[in-house]
Every structure is written in structure tokens, then in C-alpha cells.
Amino acid sequence: MKRYLCSIIIGMVVILSIGTYYVKVASSASSLPKYTFKTLEGSDKELDPVIINASLQNGSNFYEPLTIESNTTTYASERSYLENLTGRQNQQIERLVKEHRSFMRGKDSISSLYEDDDFLAYASVNSEYTKSGNMEAKFDIGLLEKKDEEETSFQIELPNQGRIMDADVRDVQLVHSKIQVLTMNDVNSNNENQTKEVHLYTIDVANKKVLSDKTLVSESFTDPEQVDFQMPIDLAPSQPNNMVFISLIKGVNHEDGFEEKLKESKLLSYNYETEKLETVKKELLSLDMARSGYADGKNLYAVEMKSGKYRIKTFDLSSQTLTNDTELDIAANKKEQDFAAIKNGRVYFLLGNEVDQDVLTNKPAKLLIADIKTGKTLYKGETVINKKNSKSFELIIDDLEIK
């Protein structure tokens with residue numbers, strides 16, 4: 001009886017502790033300002049798919065992550081313990097977990113996934129260093145046939161892994177029934193040089209083997225020289241994609257910062273179908289616009305500030321031609337960070353985080369939703385706060401998602 005009584009008491013203490021915690025959390029969250037968008041033009045129904053991940057800060061004294069979703073603010077402290085433990089997942093990941101829970105177990109990187117009407121594919125690099133200091137790296141490969149939910153999964157060693165220091169998966173495609181995995185690798189040069197490479201691995205799922213390891217780009221350098229590779233922000237990272245853009249950046253590290261060698265930097269395109277790697281002519285698409293652009297597998301959308309307005313330029317990836325140039329009805333401000341997303345024929349354009357002389361200014365975030373082809377404004381609004389004493393807080397935008 002004493003044993004059961006002890007268990008009951010412990011259980012009550014745990015329940016009371018949890019209850020007290022959530023009461024304090026609720027009380028704390030209720031005292032924080034709530035942000036919503038005030039509609040200046042258009043229909044507020046356009047806000048339904050909009051998700052803004054941000055944080056509330058008060059100097060170095062306070063920091064709280066928050067999400068504005070469907071025009072409602074939710075703080076991290078208001079979410080469940082499990083939600084905060086696992087973190088906020090990408091919308092596409094959440095959908096895939098609901099639809100294919102067994103296959104998606106342990107898979108949380110959207111850049112490692114590929115999806116079409118028939119298949120869902122996955123490829124990631126699992127690596128660890130041995131006691132001798134060498135890296136052992138394996139591919140984790142998965143393929144799901146949606147029709148019958150038939151799942152294939154296996155591990156296979158990376159080719160030439162003895163020379164690889166790090167491998168980062170940047171894109172996964174399914175081409176002619178073979179999984180193609182694009183990675184950016186740091187390579188051991190066994191001398192003072194550093195080497196960075198872009199690799200394309202072709203994997204035969206049926207026979208569980210790597211058919212080829214193709215080095216698309218290889219660049220060696222020695223400090224203070226620097227080399228880096230960048231890709232546009234992928235708006236549809238798991239969708240079929242025939243072409244990718246890769247920015248090759250070369251420069252020198254000085255005491256006062258990084259200086260890029262613009263004449264040596266270039267923009268490359270790779271076509272999965274034709275297996276052609278080409279240099280994009282700079283007069284077609286500038287390096288800066290490509291790096292800060294947004295790609296969806298068919299087009300690349302670049303933001304340009306011109307004549308006091310923002311413009312969205314649409315480049316067809318296959319023909320590498322400018323197909324659309326849309327002016328947005330929102331004033332340009334070089335001090336403001338901009339975030340863009342393109343979905344369902346709309347461009348979602350968010351301005352926030354204005355920096356003046358390295359100091360953040362607490363101004364409202366501005367949101368514009370427009371037709372991507374015509375530029376017609378469908379919605380325009382700015383953030384408002386429900387508390388009068390919130391001037392000391394700063395809303396810091398992290399990213400913009402669209403359901």
C-alpha cells in the first residue's frame with residue numbers, strides 16, 4: 001500500500017509541476033505583444049497560406065521565437081513540449097510525414113527528398129570520423145513506390161571517401177529510374193591547398209550500387225584565397241527539376257573583409273537530362289541576381305531594385321531567357337531585408353528588418369501579394385501590434401513560407 005501511495009504522490013507532484021509550468025508559460029506568453037497584418041489594400045483571405053517565422057527581441061535581455069500563420073501570432077512558449085522538442089518542420093515535410101509516415105521516419109531534410117506522382121526518393125550522407133581521423137561516409141538511400149507503398153532502403157559507401165572531408169547534399173532527382181544526388185564536397189588535398197568540389201552521384205536502386213561519381217566542378221586554393229559554391233533559394237526543393245544553377249565565387253580574405261574576384265567568379269548551369277555543364281553569359285543573368293534568386297525547377301525569379309521600385313524578373317531555366325519582368329507596387333528601401341516566395345501564380349514579397357547604421361529600427365513589416373505575370377496587387381498590408389508598451393521590442397524576420 002505504501003508503494004502505491006508513494007507512486008500516487010509522485011504522480012500528483014509531476015502533474016502539479018507540469019500544470020504550474022504551463023500556467024506560467026501561458027501567463028508569460030499572454031504578456032507578449034501579438035502581431036497581425038492590417039490590410040491596406042485587397043482581400044485579407046490572401047493571408048491564409050502565409051507563414052512568417054520570426055523572433056521577438058529586446059536587446060540582449062529577451063529573445064522569443066514566434067510564428068505568424070494565417071494572421072495569428074504564436075510564440076514558442078505557447079507550443080507543446082513535443083513541438084518545441086522536434087522544432088518547427090518545413091510544410092512539405094509535414095505533409096509527407098502525414099501521407100507516408102513509415103517511409104518518412106527519420107527524414108527531415110527537404111533538400112534530400114524528391115517527389116513526383118509515382119515515386120518518393122531520398123538520399124542523404126551519413127558520416128563519422130574514426131579514431132584514426134579518417135571519415136567514413138555512407139549514402140542513406142530510400143525509394144517509395146506510391147501506388148503500392150513498396151519501400152526500398154539501403155546504405156552504400158561513398159566512392160573515394162578517403163579524400164572527402166565533408167559532403168553536403170544539395171539536390172536529389174530521379175532520372176531514367178536512377179537516383180541522382182548533387183553534393184558539395186570539401187576534399188582533402190594532402191597539402192597546403194584546400195579543394196571544394198561539386199559532385200553528381202548516380203545510384204542504381206535495383207542493384208543497390210553507385211553507377212558513377214561525376215565531378216562537375218573542382219577548385220583548389222590556398223589562404224588567403226577563397227572559393228565557395230552557392231545555389232539560388234529553392235522554392236520547390238522536392239519537385240522534379242531538369243536544371244540547377246551553381247554560382248562559383250572566387251575571392252581573397254583581407255583584414256577588412258572578403259573581396260570577390262568578379263572576373264573569375266561565374267554562374268554555371270547543369271542539365272540532368274543532357275548532362276551538360278555550361279557557363280551562363282553574364283549579360284543574360286548577373287551573378288548577384290542569380291545568387292539572391294528563387295528557383296522552382298522551371299524558372300528562376302530574381303529581385304531587382306530599380307527606379308525606386310522592386311521588380312521580379314522571371315528567367316526560363318531551359319532557354320535561359322528573360323520571359324517576364326514585373327514591377328511590384330511597393331517602395332524600394334536598400335536598408336530593408338526582403339523575402340520572396342512564388343506559388344500558385346502569386347509572388348509573396350515581405351519587407352522587414354530595416355538596418356540603419358548597424359542598428360535595427362522597429363518599423364512595421366510590409367507584405368505585398370501580387371500576380372506574378374501582371375504585377376496586379378492582390379493584397380497589401382503591414383504589421384500592427386496589440387500592446388502599447390511594445391516599442392522596446394524588435395520583430396526580427398527569419399523567413400517566409402507559403403502553404
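Guide: A polar contact is a pair of N or O atoms within 3.5 Å; within protein, one must be able to donate a hydrogen and the other to accept it, and residues adjacent in sequence count only if both atoms are side-chain atoms. This is a predicted model: local features need pLDDT of at least 70, side-chain atom pairs count only at pLDDT 80 or more, and totals for chains, interfaces and linings use all residues. Residues are numbered from 1 along each chain as its sequence is written, and side-chain values use heavy atoms, with hydrogens and water left out.

Visitor: What makes the side chain of Asn271 and the backbone nitrogen of Thr274 a polar contact?

Guide: The two are 3.1 Å apart. The limit is 3.5 Å, so the pair counts. A polar atom of the Asn271 side chain also lies 2.8 Å from the backbone nitrogen of Glu273.

Visitor: Why is Asn271 called buried?

Guide: Buried means under 20% relative accessible area, exposed over 50%, partly exposed in between (1.4 Å probe, protein chains only). Asn271 has 15% relative accessibility, so it counts as buried. Asn271 sits in strand 17, residues 266-271; strands (E, at least two residues) and helices (H or I, at least four) are DSSP runs, numbered from the N terminus.

Visitor: Why does Leu120 count as buried?

Guide: Its relative accessible area is 0%, therefore Leu120 is buried. Leu120 lies in strand 6.

Visitor: Which residues does Leu120 touch?

Guide: Contact means heavy atoms within 4.5 Å. Not counting residues up to four places away in sequence, Leu120 touches several residues, among them Leu96, Phe103 and Leu143. Leu96 is one of the buried residues of helix 3, residues 91-99.
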